[in-house]
Amino acid sequence: MRTQVGIVGAGPAGLVLAHLLHRQGIDSVVLERQSREHVERRVRAGVLEHGTVDLLTEVGLADRLLRERMVHHGLELLFEGEAYRIPLRELSGQDITIYGQHELVKDLIAARIATGEPLLFAVDDVVLAGLDGVTPTISFTEDGARRELHCDIVAGCDGFHGISRDHVPDGAATYYEREYPFAWLGILAQARPSSEELIYAYHDRGFALHSMRSPEITRLYLQVRPDEPLAEWPDERIWSELRSRLARRAGGWTLSDGPILEKGITAMRSFVMDPMRYGRLFLAGDAAHIVPPTGAKGLNLAVADVLVLAGALDAWFRSGNSALLDAYSQTCLRRVWRVQHFSWWMTSMLHRAADADPFTHQLQLSQLRYVTSSRAAATSLAENYVGLPLPGRG
Ligand code: APR
Ligand code: PHB
């Protein structure tokens with residue numbers, strides 16, 4: 001097999017890249033380890049920045065998203081039993097969109113199939129070779145047969161646990177990492193949202209987040225220990241813990257509950273690889289960087305990366321000019337570190353330190369009081385949360 005760009009991974013990064021390349025007349029093949037059903041059912045985050053929605057709309061990927069999404073003009077910070085609204089639209093001029101990542105992935109897969117361009121599911125043992133040459137290859141097993149894909153460029157969009165990054169020789173990149181001493185227990189519930197907007201709660205018992213997917217489905221998260229066994233969290237314990245952490249001192253607010261459809265525990269880490277490239281291998285999305293979910297940035301950052309990569313590949317395939325490709329990593333990392341800082345800042349402000357250090361606690365309260373009383377501080381949160389302009393777009 002031969003193509004121009006071999007894409008490993010059919011998550012948001014790989015599928016949006018494939019679509020942008022297709023619009024530019026650049027051939028690609030997308031290789032995905034999991035089945036289509038698995039990828040389309042995998043519950044992940046659900047907040048889209050306005051820039052992500054604008055881009056998806058521009059390239060014809062947002063029809064269902066625009067019909068079914070929820071648009072939020074603000075969010076709430078809750079601490080010491082009091083809720084404070086951050087008016088995102090008023091402060092930043094922009095909104096956020098609530099639309100499940102797996103719903104977006106369904107739309108991206110449908111769009112890819114509609115182009116007739118290759119998208120191979122359930123491929124195994126993907127191995128990259130010749131990355132420091134001019135004709136890299138991707139070998140893989142499909143239906144028991146070993147196959148080889150010859151390409152000009154390999155895009156590693158296979159997430160944090162993918163194989164692309166493993167092909168970068170030691171010493172060829174610097175890795176920045178931070179593990180957080182807590183995790184998120186997340187649930188999807190058949191329950192109507194208890195508030196119009198997201199609620200981020202700082203509580204003595206730990207962080208909690210009230211989010212949603214639709215007028216019938218809520219998405220809720222609890223801070224737990226990194227090694228917390230899910231078996232110790234029967235449904236009723238989850239609901240009672242959420243009720244405690246989301247309670248208002250004044251009362252008058254109740255958390256509506258319902259059957260829990262899905263639950264899981266997600267580790268919290270920050271990770272950055274620099275450069276996000278090795279020879280003809282370009283990494284994008286979670287394959288190159290991870291942010292803790294507190295800032296709702298993972299998916300949006302993946303889309304920002306592939307927007308830069310698609311533009312750089314367009315210039316290179318058209319004119320052989322590699323300037324944008326050579327600047328790919330640096331261009332992306334400017335945004336990556338801004339988003340890393342915002343996600344670390346939100347995480348540090350809103351999670352109860354494992355050692356419950358009283359000094360840290362007072363600092364967190366001071367930060368929360370400041371961001372909910374100072375228009376300048378609230379505006380900074382708002383503009384980062386709704387999303388700073390995408391690279392090359394304002
Ligand atoms: N071979 C082929 N495909 C692979 C391999 C492999 N060896 N390893 C992983 N994959 C696939 C995964 O099954 C997944 O479908 O790569 C895809 C990577 O997708 P994501 O993990 O969604 O990563 P990305 O596209 O970068 O999107 C980042 O996803 O996880 C969320 O919170 C994260 O929102 C962020 C977004
Ligand atoms: C979600 O809806 O899943 C969600 C929302 C906000 C976050 C993280 C996840 O910060």
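Trainee: Which residues come nearest to ligand 2?

Mentor: Tyr200, Ser211, Arg213, Tyr221 and Pro293, out of 14 residues around ligand 2. A residue is near a molecule if one of its heavy atoms lies within 4 Å of it. This is a predicted model: local features need pLDDT of at least 70, side-chain atom pairs count only at pLDDT 80 or more, and totals for chains, interfaces and linings use all residues. Residues are numbered from 1 along each chain as its sequence is written, chains are lettered from A and ligands numbered from 1 in the order written, and side-chain values use heavy atoms, without hydrogens or water.

Trainee: What makes serine 211 a polar contact of ligand 2?

Mentor: The distance. A polar contact is a pair of N or O atoms within 3.5 Å; within protein, one must be able to donate a hydrogen and the other to accept it, and residues adjacent in sequence count only if both atoms are side-chain atoms. A polar side-chain atom of serine 211 lies 2.6 Å from an oxygen atom of ligand 2. The side chain of arginine 213 has an N or O atom 2.7 Å from a ligand 2 oxygen. Threonine 294 uses a backbone N or O atom, 3.3 Å from an oxygen of ligand 2.

Trainee: How much of ligand 2 does the protein bury?

Mentor: 99% of the 280 Å² that ligand 2 exposes when taken alone. Accessible areas come from the Shrake-Rupley method with a 1.4 Å probe; for residues, only the protein chains shown count as cover.

Trainee: Which strands supply at least two residues each to the shell around ligand 2?

Mentor: Strand E14 (198-202), strand E15 (208-212) and E16. Helices (H or I, at least four residues) and strands (E, at least two) are DSSP runs, numbered from the N terminus. By class, the shell has nine nonpolar, three polar and two charged residues. Ala, Val, Leu, Ile, Met, Phe, Trp, Tyr, Cys and Pro count as nonpolar, Asp, Glu, Lys and Arg as charged, and the others, Gly among them, as polar.

Trainee: What contacts ligand 1?

Mentor: A polar backbone atom of alanine 13 is 2.9 Å from an oxygen of ligand 1. A backbone N or O atom of arginine 33 lies 3.1 Å from a ligand 1 nitrogen. The side chain of arginine 44 puts an N or O atom 2.7 Å from a ligand 1 oxygen. Alone, ligand 1 exposes 700 Å², and the protein buries 91% of that. Helix H1 (12-23) and helix H8 (298-319) each give two or more residues to the shell. H8 gives the most, with three.

Trainee: What is the volume of the second largest pocket?

Mentor: About 230 Å³. It is lined by 16 residues, with Arg205, Gln223, Val224, Arg225 and Arg245 nearest its centre. H7 supplies the largest share, three residues.

Trainee: How do you class isoleucine 7, alanine 122 and aspartate 143?

Mentor: Isoleucine 7, in strand E1 (residues 5-8), is at 0% and therefore buried. Alanine 122 is at 42%, so partly exposed. Aspartate 143 is at 77%, so exposed.

Trainee: What makes the bond between aspartate 274 and proline 275 cis?

Mentor: Omega is about 0° there. Proline 275 sits in the loop between strand E17 (260-274) and strand E18 (277-278).

Terms used: 1 Å grid on protein atoms, 1.4 Å probe; cavity = no way out; pocket = protein on both sides within 12 Å on 5 of 7 lines; lining within 4 Å. Points joined across faces, edges and corners; volume = space filled by probe spheres on them. Buried < 20%, exposed > 50% of the residue type's maximum accessible area, 1.4 Å probe, protein only.
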